[in-house]
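Here is a friendly walk through one protein model, meant to be read with the structure open beside you. Shall we start with a sheet and work towards the core?

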Amino acid sequence: MLNVPSQAFPAPRSQQRVASGGRSKVPLKQGRSLMDWIRLTKSGKDLTGLKGRLIEVTEEELKKHNKKDDCWICIRGFVYNVSPYMEYHPGGEDELMRAAGSDGTDLFDQVHRWVNYESMLKECLVGRMALKSPAPKDYCEEKKVLNGVFPQSQVTDTFAKEGHSSPSYDWFQTDSLVTIVIYTKQKDIGLDSIIVDHQGGSFRAETIIQDHSFLIYIELSHEIHEDFSVRVVENVGKIEIVLKKKENTSWKCLGHPRENHNSLIPKKDRGFLWLQILHSDLYYRKCQLISKEDVTHDTKLFCWLLPPSTHLQVPIGRHVYLKLTVTGTEIVKPYTPVSDSLISEFKEPPLPNNNYIYFLIKIYPAGLFTPELDHLQIGNFVSVSNPEGNLKISRFQELEDLFLLAAGTGFTPMVKILNYALTNIPSLRKVKLMFFNKTEDDIIWRSQLEKLAFKDKRFEVEFVLSAPTSEWNGKQGHISQALLSEFLKRSLDKSKALICVCGSTPFTEQGIRLLDDLNFPKDEIHSFTA
């Protein structure tokens, strides 16, 4: 629903992942750009019509404000007067009016949930929807019969309806340690399934279980050290998180539950939660810039250090959101983490993977976000969100042929896919990457890709350039049926195959259309979106 001009995201010819569905834009009047909107929000003008007051809004009151000159919209439990924003919205007034006088969370998430509406519309905030209060702050989680486990009824019964056992948790202690045990009752749980953060006195553990998140969110009753350990017993789906006490005293309770503690949340409904620190369904932690190095003339490899109080391993094919404050406004962009290299000997000695997170990012000189990112100094910080995305690792099981179609920095999700596929899929016969770029100078990690193809005979890479020099002897042009029909040849007639597509919106949309024309079934295709 809420949109930003094209110079913000995606930039012209950007290869960043965006939803393949596309969206229509309308021409904006002169003086109605994103920067004009930012200047208006900083002018001191009353954009809510409430003279600075914040109110609690009932559903009945929200419904009254459904006209263009009096338009209130609810997003994740907060109500905004978007009437002043109408002329600044690139999607047009009609798009905003689809949610007039109602909860627009679903519509917002369908179009582009990455937009940081809280920052863009903070001067338009009317107040909060009239909702039930969370658990009282003075409630302490007593260790009773179930040793700290809430009754099962407080966990969403969605899994039970689907024939699955709902997760639960327990905790116990020694003189110096507190161990929190999560029973997922699933066998496909790994270290990348659990995200743990300890910020201030708050402890937060989010476990990804299929299409749900099981959340433990507690204000701890006592202080702990920053570092902790996480262990997963995969064959039984048990997760153990060991915390170190600052004082060797006995805890009478684990702490005070925070909002949605001990909840099993369907991913599709996460947009309705306004519990998080930034009143968003995305949870962030600050990561420190350790290094940045040139990869091509306009693309750099950034390395960020995770805080010692965070456990985060981004699953294959998932993205995160980076957040920076630009000209006083928070800007959020999605990026897919990569490995530090395709081949281990390119990095000596390698940094511990569980402490660092890497991104290949193209710098757009005229953009709002990437120049600010590029100007950060070593030691500066950026906020990194929890992972998002829907690629399931189960799709790689017993895979025989893997085809990757990437354009520009759409190559980034393919990095971890390549590493995983060539290392962990014994049934794999062939992995082929068709990599589209404008010129030879734009090709990311060309030498590494060529070396990987030489090292592992299952892997093949083809480079396609749209604006090559006269010396170029390889393939030329844009994604087309002629290129794909020749490229997408199975190792066997009925081999199990998967085709992954990532690039700009036109590239992804055209790729999906061509694959459909070539009669590839939808269950063999995955397009990356953010």
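## A six-stranded sheet

Six strands make up an open sheet in the order E20-E19-E22-E16-E17-E21, and their pairing is antiparallel. At the edges sit strand E20 (329–335) and E21, each of which pairs on one side only. From one strand to the next, the twist averages 40°. Please keep in mind that this is a predicted model.

Inside this sheet, you can look at strand E16 (residues 284–294) and strand E22 (residues 381–385), which pair in the antiparallel sense over five bridges. Cys287 stands opposite Val382 in E22.

## The chain as a whole

Stepping back, the protein chain holds eleven helices and 28 strands. It has 530 residues, of which 54% count as buried. Taking the contacts between residues at least 6 apart in sequence, 73% join residues at least 24 apart.

## The largest nonpolar core

How many residues does the largest nonpolar core have? The number is 42, and the residues with the most contacts inside this core are Leu402, Phe411, Ile417, Leu449 and Phe459. Several elements each supply at least two residues of the core: strand E17 (299–305), strand E21 (356–362), strand E23 (401–407), H8, E24, H9, E25 and strand E27 (497–502). H8 gives the largest share, six residues.

Leaving aside residues up to four places away in sequence, Phe411 touches Leu342, Leu360, Ala406, Leu433, Phe435, Ile444, Trp445 and Leu449.

Which residues of helix H9 (residues 446–455) are buried? They are Gln448, Leu449, Leu452 and Ala453. Seen down the axis of H9, these buried residues fall within an arc of 135°, so they line one face of the helix. The face turned away from the buried side carries the exposed residues Phe454 and Lys455.

Val431 stands opposite Phe459 in E25. Five of the seven residues of E25 are buried, so this strand is largely enclosed by the rest of the structure.

The rings of Phe435 and Phe463 have their centres 6.4 Å apart and their planes at 45°, so the pair is tilted. Phe435 belongs to strand E24 and Phe463 to strand E25, and the pair links parts of the chain that are 28 residues apart. Both Phe435 and Phe463 are buried.

## More aromatic rings

A pair of aromatic rings is described by the distance of the centres and the angle of the planes. With ring centres within 6.5 Å as the cut-off, the count comes to nine aromatic pairs. One of them is Trp37 with Tyr88: the ring centres are 5.1 Å apart and the planes stand at 55°, so the pair is tilted.

Trp37 lies in helix H1 (residues 34–41), while Tyr88 lies in the loop between strand E4 (78–81) and helix H3 (93–97), 51 residues apart. Are these two residues buried or exposed? Both Trp37 and Tyr88 are buried. Together with Tyr85, they form one aromatic cluster.

## Two loop residues with positive phi

Gln210 is not a glycine, yet its phi is positive, at about 55°. Gln210 is found in the loop between strand E10 (202–209) and strand E11 (212–220). With a relative accessible area of 35%, Gln210 is partly exposed.

Thr327 likewise has a positive phi, about 45°, although it is not a glycine. The place of Thr327 is the loop between strand E19 (320–326) and E20, which brings us back to the open sheet, whose order includes E20-E19. Thr327 is partly exposed, with a relative accessible area of 45%.

Definitions and conventions
Residues numbered from 1 in each chain as written. Predicted model: local features only at pLDDT ≥ 70, side-chain atom pairs only at ≥ 80, totals over all residues. Heavy atoms only, no water. Buried < 20%, exposed > 50% of the residue type's maximum accessible area, 1.4 Å probe, protein only. Helix = DSSP H or I, 4+ residues; strand = E, 2+ residues; numbered from the N terminus. Arc of directions from axis to C-beta. Core = buried A, V, L, I, M, F, W, Y, C linked by side-chain atoms within 4.5 Å. Contact = heavy atoms within 4.5 Å. Pairing = 2+ DSSP bridges. Axes fitted to C-alpha atoms, helices over the stretch in contact; angles between N-to-C directions. Phe/Tyr/Trp six-rings, centres within 6.5 Å; stacked < 30°, edge-to-face > 60°.
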